[in-house]
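Grab your viewer and work through the exercises below. Each one sets a task and then walks through a solution.

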Amino acid sequence: DDHALIQDANQPYKWTTNFTLNDYSDIKLRQNQAWTVNWGGNDFPIGVATSGGPDIPVPAGSYLVHFNCESGDYNFESESERDALMAIYNATDGDNWTNNSNWGSNEPIYNWNGVLTNEDGRVDSLWLFNNNLNGTIPTEIGNLTDLISLTLSGNSLSGELPPSIGSLSNLQRLSISQCQLSGAIPPEIGDMSSLTWIALWQNN
C-alpha cells in the first residue's frame, strides 16, 4: 500500500497522513497520486526514510504519521494514544491549562507539553503537575498502557479514580496528590504489578 502525505501550509517540510490497517502491510509514503516522489524505510514505528526507499513494515492499527522531508525522520503515532491524551485534555478543561503547548495540534505527541515517549513512540510519562487541570480523570487514561510515570498532582481534579487505571500494568510511579478526588480507591489499582511509588494524599 502507499499513502498520500498532506503538506503543512506553514512548515512545508512537515507532512502528515493517517490511516487504519486491518492487517500487517508494507507502506510507502508518497507526495501525490503519482509514484514520482515517494519515501520508504526499514524501521517501525520510528525511522529515517529515503527517497524511493524500501517499504515500511507496519502492523495492524490506526496511525497518524509524521514525516520531515528535510531530515527524512518519520514517526507512526498510535491514534488510540492521541485520543486518550485528548480525552484527558477535554475532561480537564485543557483550553485553560497553565501550559497546554501543542496539545491538540498536528505536532507529534512527544512535542506536547508534559508528554514523553519511549523509543517505540509510545507515551511512557505524563507530567501535568500544578497545571490548572479542572475536571475528572477520564476512563481513556487506561489506554496509555506504556506509561511508567503519571503525575497529575496539584490540580483541581474531582470525582473518583476510574477503574481503568488498573490497566496501566507498566506504571511504576503514580502521583495524584493535592487534588479534590473523592470516593474509594478502585480495587483495580491492585492489578498494577509494576507500581513501586504512589501518592494520593490530600484528596477527599
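Before you start, one term: a residue is buried under 20% relative accessible area, exposed over 50%, and partly exposed in between, using a 1.4 Å probe and protein chains only. The model is predicted, so local features need pLDDT of at least 70 and side-chain atom pairs count only at pLDDT 80 or more, while totals for chains, interfaces and linings use all residues. Residues are numbered from 1 along each chain as its sequence is written, and side-chain values use heavy atoms, with hydrogens and water left out.

**Exercise 1. Find the salt bridge between E77 and R82, and decide whether each partner is buried or exposed.**

Step 1. Side chains of opposite charge can pair when their charged atoms come close.

Step 2. Check the pair: the N to O distance between R82 and E77 is 2.8 Å.

Step 3. Apply the cut-off. E77 has 1% relative accessibility, so E77 counts as buried. R82 is buried too, because its relative accessible area is 11%.

**Exercise 2. Work out which residues join E81 in a network of salt bridges.**

Step 1. Start with the total: a search of the whole structure turns up four salt bridges.

Step 2. Take E81 and R122, whose closest N and O atoms are 3.5 Å apart. This pair ties together distant parts of the chain, with E81 in helix α1 and R122 in the loop between β11 and β12, 41 residues apart. Helices here are DSSP runs (H or I, at least four residues) and strands are runs of E (at least two), numbered from the N terminus.

Step 3. Compare burial: E81 sits at 0% relative accessibility and is therefore buried, whereas R122, at 24%, is partly exposed.

Step 4. Close the network: E81, R122 and D146 are linked by salt bridges.

**Exercise 3. Describe the largest pocket and say which residues are closest to its centre.**

Step 1. Define it. On a 1 Å grid over the protein atoms alone, a pocket is an open set of points with protein on both sides within 12 Å along at least five of seven lines; lining residues have an atom within 4 Å of a point. Its volume is the space filled by probe spheres set on the points, which are joined across faces, edges and corners.

Step 2. Read off the volume, about 390 Å³. Of the 23 lining residues, K14, H66, F67, P108 and Y110 are the closest to the centre.

Step 3. Look at where the lining comes from: β2 (6-7), β3 (14-21), β6 (46-48), β9 (61-68) and β10 (73-78) each give two or more residues.

Step 4. K14 forms a salt bridge with E107, the closest N and O atoms being 2.7 Å apart. E107 lies in the loop between α1 (79-91) and β11, 93 residues from K14 in strand β3. E107 is buried because its relative accessibility is 16%; K14, at 22%, is partly exposed.

**Exercise 4. Trace how β3 pairs with β2 and with β9.**

Step 1. Strands pair if DSSP finds at least two bridges between them. β2 and β3 are antiparallel over two bridges, and a hairpin of six residues joins β2 to β3.

Step 2. Move to β9, which pairs with β3 in the antiparallel sense over eight bridges. There, F19 has Y63 as its bridge partner.

Definitions and conventions
1 Å grid on protein atoms, 1.4 Å probe; cavity = no way out; pocket = protein on both sides within 12 Å on 5 of 7 lines; lining within 4 Å. Salt bridge = Lys/Arg side-chain N within 4 Å of Asp/Glu carboxyl O.
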